[in-house]
Amino acid sequence: MLTVVNCYNRLSTINSVDGYLDICMDGVYQKEAPGPGELYGQCAEWKERNCCYENTTKSLQKPEPWQNFNLNHCGQLSPMCRGHFLQNFCFYECSPNVGPWLVKVNGMESRKERFYKVPLCERECNLWWKDCKHDSTCVKNWGTDFDLSSGTNTCPGYSSCKNFTEIYTDATDFCENVFDRTWKVVQNSSEPCMVLNFHNTNPNYNVAKQKAQSIYSNKSNTVKFGTMLYLLVVIMLTIPKM
């Protein structure tokens, strides 16, 4: 469950489009600002501009639990399915294009922020689901529902391992819920959306830029309206009463 905290929030001080585009998630494994850097394995796509470190991407490729998170909690994931989850982790740790969707959160040891409801292209979600739907899990929300008392994620006592198709109704249900609303699945033609795999130029930059422009425009209009309202009140107070 997403928990937003009422304390200083650096995100509320962003006052430009570039401010949303030149920011990394506030986490232990992230850089302070996006930049180039050699990355490893599936994460290498982000080497031209990223928010993560090479050591982080190396650790992602190892078979043992990463950051105490075990993908194989209901037996070994199939190689194709595991590949999609690793690509998702690469995006989560390395993407420099999530500024417009960052939110302040509480209760996460490795980070003070997360991104929330990032638009994911439907075709990306469908491919992920196709390669994972015959694998097994025991909970629907991998961000909140596991038993973490042992130091790693294990199935709660009330649960049992089931096929993904018994846990999720369809591809959208899976992509939007498996990591606690990190993603919002959108039809590819309905609005700009993110991809998890790309070659050479990262197309997600333009998606983030359009969203940042929209947020900044709405903020500017709100400020303008507030200023006009304030001036109107001042004028009304200074008009002599008849």
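## Disulfides at a glance

This structure holds 8 disulfides, a disulfide being a pair of cysteine sulfur atoms within 2.5 Å. You're looking at a predicted model, in which local features need pLDDT of at least 70 and side-chain atom pairs count only at pLDDT 80 or more, while totals for chains, interfaces and linings use all residues. Residues are numbered from 1 along each chain as its sequence is written, and side-chain values use heavy atoms, with hydrogens and water left out.

Let's start with Cys 24 and Cys 51, a disulfide with its sulfur atoms 2.0 Å apart. The torsion about their S-S bond is about -85°, so this one is left-handed. The pair links distant parts of the chain, 27 residues apart: Cys 24 sits in the loop between helix 1 (17-21) and strand 1 (30-35), and Cys 51 is in strand 2 (residues 50-52). Helices (H or I, at least four residues) and strands (E, at least two) are DSSP runs, numbered from the N terminus. Cys 24 is buried at 1% relative accessible area, and Cys 51 is buried too, at 1%. For these labels, buried means under 20% relative accessible area, exposed means over 50%, and partly exposed is in between (1.4 Å probe, protein chains only).

Next up is the disulfide of Cys 74 and Cys 161, with 2.1 Å between the sulfur atoms. Its S-S torsion is -85°, making the link left-handed. It joins distant parts of the chain, 87 residues apart: Cys 74 is in the loop between helix 2 (54-60) and helix 3 (79-94), and Cys 161 is in the loop between strand 6 (136-137) and strand 7 (162-163). Cys 74 is buried at 16%, whereas Cys 161 is partly exposed at 45%.

Then there's Cys 81 to Cys 132, S to S 2.1 Å. Here the torsion is about 105°, so the disulfide is right-handed. Cys 81 lies in helix 3 and Cys 132 in helix 4 (residues 122-132), so the pair ties together parts that are 51 residues apart in sequence. Cys 81 is buried at 0% relative accessibility, and Cys 132 is buried at 0% as well.

## Helix 3

Helix 3 is mostly covered, with 14 of its 16 residues buried.

## Strand 5

Strand 5 (residues 118-121) is covered on both faces: Val 118 and Leu 120 are buried on one side, and Pro 119 and Cys 121 are buried on the other. Strand 5 pairs with strand 8 (residues 183-186) in the parallel sense over 4 bridges; two strands pair if DSSP finds at least two bridges between them. Across that pairing, Pro 119 stands opposite Lys 184.

The largest pocket holds about 1000 Å³ of space. Of its 32 lining residues, the closest to the centre are Gln 67, Phe 69, Met 108, Ser 110 and Gly 143. How was it found? On a 1 Å grid over the protein atoms alone, a pocket is an open set of points with protein on both sides within 12 Å along at least five of seven lines, a cavity is a set where a 1.4 Å probe fits but cannot get out, and lining residues have an atom within 4 Å of a point. Grid points are joined across faces, edges and corners, and a volume is the space filled by probe spheres set on the points.

Helix 3 gives the most to the largest pocket's lining, with 4 residues. That lining has 13 nonpolar, 13 polar and 6 charged residues; Ala, Val, Leu, Ile, Met, Phe, Trp, Tyr, Cys and Pro count as nonpolar, Asp, Glu, Lys and Arg as charged, and the others, Gly among them, as polar. The second largest pocket has a volume of about 320 Å³. Pro 100, Trp 101, Pro 119, Lys 211 and Ile 215 are the closest to its centre, and helix 7 (204-238) gives the most to its lining, with 5 residues.

## The cavity

The whole structure has 1 cavity of 30 Å³ or more, and about 70 Å³ of space lies in the largest cavity. Of the 13 residues lining the largest cavity, Glu 64, Trp 66, Phe 69, Leu 71 and Arg 82 lie nearest its centre. Helix 3 gives the most here, with 3 residues.
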